[in-house]
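Hello,

Here is the structure I promised to pass on to you. Please have a look at it first, and my notes follow below.

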Amino acid sequence: MASLDGCVEARRQEMVRDLQDLIRIESVKGPAASGAPFGLGVRAALDFILERARTMGFATKEVDGYAGHVEFGAGREIIGVLVHLDVVPPGEGWTHPSFGGEIACGRLYGRGSIDDKGPAIACLHAMAALRETGFLPRRRLRLILGCDEESGSWNCVERYFAVEEKPLYGFAPDAEFPVITAEKGHLWLRAGKRWGGTQEGGLAILSVEGGTRPNVVPDRCAATLALGGRAAEEVLAVLRAADVSLVFSEEAGVLRVEARGRAAHASLPEQGENAIGRLFSALSALAGWLPEPQAETVRFLAESFGLSYDGAGLGLACRDGSGALTLNFGTISWDPAEIALMLDLRYPVSADKHGLLARLRERLAAIGLELEVDIDLPPLYLPPDHPLVRELLQVFREKTGSEAEPLAIGGRTFASAIGTGVAFGPVFPGRPELAHKADEYVDLEEFLLMAQIYAAAMAALAGG
């Protein structure tokens, strides 16, 4: 029987080409179209993987444009590998084309290269390499292709599992190695209120816009202010004294103020700099000149969020062995009629979700903001002695020589969509987390190693 690692190695160039082609498909969620519920770009990415799998000789299935799968082997039980093909918008700050698949200095750049197109391609070629060795699995191996993970709704896997059986267990290559045994609870929250009309005269906020998705730390946020007779330099002097880096422009009595931050995944907000929080920290210095309820709202947002990300300003801070609560101020839209914002809250496994929501709802209601739960994913936990955890940990250690221990994360993965699942890679210990950031890339040597690890994991779980 041919060496499994050798078969994966022989596929290296083909893997790289496939990933470049997949990255060049701009699979950001867009308007629904016929057969493409998440937009034409996402559908094109799904079609690309299914067609590549068919050319490799695998059985495939597409489920109404929502999802699909690639299958290898026979048997009553299924081992699932769950990936997603949609990506977040590229955002600002790239030095390589965000959808170019460009290679430089041993790295392949592009949105999705590590989250989650790179792992999807690695797993597809891992299955192909397994078959080339003559491996005959006792359980079916099924690569499940989701198309709506980044939006947080997970409508893709909901539709998929409404018609397809769930795996016995499996993994999602969408986090970190060696293996993730705990994922925090995850809430997307929507809050807003109507202003009840516009206010005339005096300094006033006309609009605020910032952020792209709740699960991305926003890297830009801009406000426009009607000067209302005040001199621009007078207002700028107050804003500059706030010690927040801002960009200004003024025209016809309207001042535009923009704060810039650094994008990051909302599960790791400490790696980013929240531009919305920065802007309101500065605007709060103007609160004494603003009309009510604008002044009250600005002060509240600055004090409750500001530059922190642990929920302490709202009385939500807590932690356990799975980590600390995180709260990302993801998006804001403010106009003369209303204000709307979205938050990404990730809470420890042992935290009381209902208590957290009650506390947050009470705090927001104090300034008239009504809270709605958009997405609610409960925590996921598998004990370290679970057979799935033991098998994957052993594979990782054998392939790398590392003695790294299982982890807990704030990110949510498709592992919870099957109940008995864990996240497994693709980020190696000590390597930077690049998901949702500018210049996202996959190191090509690590790309090969992850494919070899996934091939060995599939072999161990499916049984020869």
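Let me begin with Asn328, which sits in strand β17 (residues 326–334); strands here are DSSP runs of E with at least two residues, and helices are runs of H or I with at least four, numbered from the N terminus. This is a predicted model, where local features need pLDDT of at least 70 and side-chain atom pairs pLDDT 80 or more, while totals for chains, interfaces and linings use all residues. Residues are numbered from 1 along each chain as its sequence is written, and side-chain values use heavy atoms, without hydrogens and water.

Asn328 has a relative accessible area of 2%, so the residue counts as buried (under 20%; exposed is over 50%, partly exposed in between, with a 1.4 Å probe and protein chains only). Among the residues that Asn328 touches are Pro214, Ala266 and Met342 (contact means heavy atoms within 4.5 Å).

Now to the aromatic rings. Phe171, Phe177, Phe396, Phe424, Phe428 and Tyr454 form one aromatic cluster. Rings of Phe, Tyr and Trp (its six-membered ring) pair if their centres lie within 6.5 Å, and planes under 30 degrees apart count as stacked, over 60 as edge-to-face and the rest as tilted. By this rule there are 16 aromatic pairs. One of them joins Phe171 and Phe424 edge-to-face, at 5.4 Å centre to centre and 75° between the planes. Phe171 belongs to strand β7 (residues 169–172) and Phe424 to the loop between β22 (421–423) and β23 (426–427), so the pair ties together parts 253 residues apart in sequence. Both Phe171 and Phe424 are buried.

Happy browsing!

Conventions
Lists of a residue's contacts leave out its neighbours within four places in sequence.
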